[in-house]
Amino acid sequence: MTEPDLFTRLAATHKPDCLLSLDGPLPQAVPNPDELSRTLGSDTVARYAQDCRPIYEDLRRVIGQLSGLLILARLTAKSDIADLPEAAQCRARWVEAGQRLGCLNAPAAVQGHKAQLDSAHSFCGQILAQVPQLRRGPEAETQFDRMTVQIKRAYAHLEAASAPKAGLQMVDFTHACCACTH
Amino acid sequence: MADYSIWVLEYCYVSKYHKSGVLYGAHNQGYVKLPYCYVVIKGRDHVAMVDVGYNDKAYGKVLGDRFGVENWRDPKVVLAEVGLTPDDVDTCFISHAHFDHFGNVEDFPKAKFYIQEREISKWVWAMSLPDRMRWMMVAVDPGDIVRGVGLAAEKRLVTVDGAMEDVLPGIDLHSAPDSHTWGSMWVTVRNDGQKQSQDTWVMAGDLVYQFDNLKSSGAVVDVDTMYTPVGLAVGSQTNLILATEEMMSQVGYEARRVIPIHEEGLRDAFPSRITKDGLRITEICLADGEKSKVA
């Protein structure tokens, strides 16, 4: 097998803090299940979109919680985040999301969408596995850096699976400052 | 003598916002324009901002289609109106973690960000609650917290626990726990640099939406004016009132020195102009030697 030329190697090499440096399917926008159901007229796809909502919500929360916990662990006196009740609740929600994902019946047309959810779940799991071992000190910095990339990657996958019309949306605007008469 | 220039820069707006959102209890009283703004504080070799707006790439279509948010402009365009670029900004004070205040950190690559620790920790707590309590997670994007992790990794995020004096010379941070949000924060500029300042300005974040929150009719309790809190509070209206009293005491009860950033009426209290993009630039004060950007 021939070695790739220098340009190809450079182009394909990511910096350590790049979220694409991690293995696995890349985060990429996929057809929204709500739009697919309209174009294909498929009740199955519509049901899939409906079944996605609790999984999406679980993952949205797990990513938000893990992000907050990482900030607190890195910047504040709250070093023992593994012992916080919020960390336990986060893990429980992640487990629940995994069970729901396992039961999710994804028609062929939305397999790409489900793959994004699977990846978001997987990267969250990788972070959760490291939380009990988090320690202060120089080595912790390296570990935090790794988890930073992993949480960004998890978010990128969930963002790729977002579909506002199907209720898969990162922000609830209902009572936001902008929620006016429309 | 003034150390800092302060401008309020509009970056988009909602033309018709229900008044009860702005003013607690103002039901069936129609609509008001709700500008979305951030604040620039320039002086003492610093360019600081209070809040950074939101990222239109992420939310623009939803906000436009569903909520009538109009005329969003990139910080490059908005800051240019006062002769600055996002790269010039070295410090950002985040009043709270709602997406329209904390949602565009990526556009300020050289800034260090300050936010209350409680804003993060209570968010983590709120996310752990059952779905039936989801209201408490309103208007916060997990993505903004994810970006906060990135800022922490780059050593560009500082979590503040309560008040912090002289974050920049003459600029203090104050917390208003369990008010508009869990860890809302206001920024006080002592523009003469004195501890007992005679020239104090308060950037209120969303603790005050409009001047009506500071001076609305007090007929119901037989006074001329009274505080009426904003409509949205995940904490309590009581805590909003207490924070308002503290802000007002810092400025000697001169209401125009508490600067709300959703207030169209700034144009009546300060010099301002409309840009070619149809957004308002309001000049709160000028540092010694600084030229007006609205003249």
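Me: Contact means heavy atoms within 4.5 Å. Which residues does Arg60(A) touch?

Reply: This is a predicted model, where local features need pLDDT of at least 70, side-chain atom pairs count only at pLDDT 80 or more, and totals for chains, interfaces and linings use all residues. Residues are numbered from 1 along each chain as its sequence is written, chains are lettered from A and ligands numbered from 1 in the order written, and side-chain values use heavy atoms, with hydrogens and water left out. Leave aside residues up to four places away in sequence. Then Arg60(A) touches Leu158(A), Gln169(A), Met170(A), Val171(A), Met127(B), Arg134(B), Met137(B), Val140(B) and Pro142(B).

Me: Is Arg60(A) buried or exposed?

Reply: Buried means under 20% relative accessible area, exposed means over 50%, and partly exposed lies in between (1.4 Å probe, protein chains only). Arg60(A) has a relative accessible area of 0%. So Arg60(A) is buried.

Me: Where does Arg60(A) sit, and how far in space is it from Leu158(A)?

Reply: Arg60(A) is part of helix α3 of chain A, residues 43-75. Leu158(A) is 98 residues away in sequence.

Me: How many helices and strands does chain A have?

Reply: Helices (H or I, at least four residues) and strands (E, at least two) are DSSP runs, numbered from the N terminus. Along the sequence, chain A reads α-α-α-α-α-α. The count for chain A is six helices and zero strands.

Me: What share of the accessible surface of chain A belongs to carbon and sulfur atoms?

Reply: Accessible areas come from the Shrake-Rupley method with a 1.4 Å probe; for residues, only the protein chains shown count as cover. Of the 182 residues in chain A, 49% are buried. The accessible surface of chain A is about 9,000 Å². Carbon and sulfur atoms hold 55%.

Me: What is the radius of gyration of chain B?

Reply: Chain B has eight helices and 16 strands. Its radius of gyration is taken over C-alpha atoms, and the globule rule is 2.2 Å times the number of residues to the power 0.38. For 295 residues the rule gives 19 Å, and chain B comes close, so it is as compact as a globular protein of that length. The radius of gyration of chain B is 18 Å.

Me: How far apart are the mean positions of the positive and negative charges of chain B?

Reply: Lys and Arg count as positive, Asp and Glu as negative; His and the chain ends are not counted. Each charge is placed at NZ of Lys, CZ of Arg, CG of Asp or CD of Glu. Chain B has 30 positive and 42 negative charges. Their mean positions are apart by 4 Å.

Me: Over how many bridges do β1(B) and β2(B) pair?

Reply: Two strands pair if DSSP finds at least two bridges between them. Ser5(B) has Lys42(B) in β2(B) as its bridge partner. Ten is also the tally worth noting for burial: 10 of the 13 residues of β2(B) are buried, so the strand is largely enclosed by the rest of the structure. Strand β1 (residues 4-18) and β2(B) pair in the antiparallel sense, and the number of bridges is 12.

Me: Which residue takes a positive phi in the hairpin of β2(B) and β3(B)?

Reply: Strand β2 (residues 31-43) and β3(B) pair in the antiparallel sense over five bridges. Here Val39(B) faces Val50(B), and Ile41(B) faces Ala48(B). Two residues lie between the strands, and the phi near 50° belongs to Arg44(B).

Me: Which residue of β5(B) stands opposite Ala48(B)?

Reply: In strand β3 (residues 46-50) of chain B, four of the five residues are buried. β3(B) and strand β5 (residues 91-93) pair in the parallel sense over three bridges. Opposite Ala48(B) stands Thr91(B).

Me: Which strands stand at the edges of the open sheet of five strands in chain B?

Reply: The order in this sheet is β8-β9-β10-β11-β14, with mixed pairing. An edge strand here has a single partner strand, so one side is left without a neighbour in the sheet. The edge strands of chain B are β8 (164-168) and β14 (258-259).
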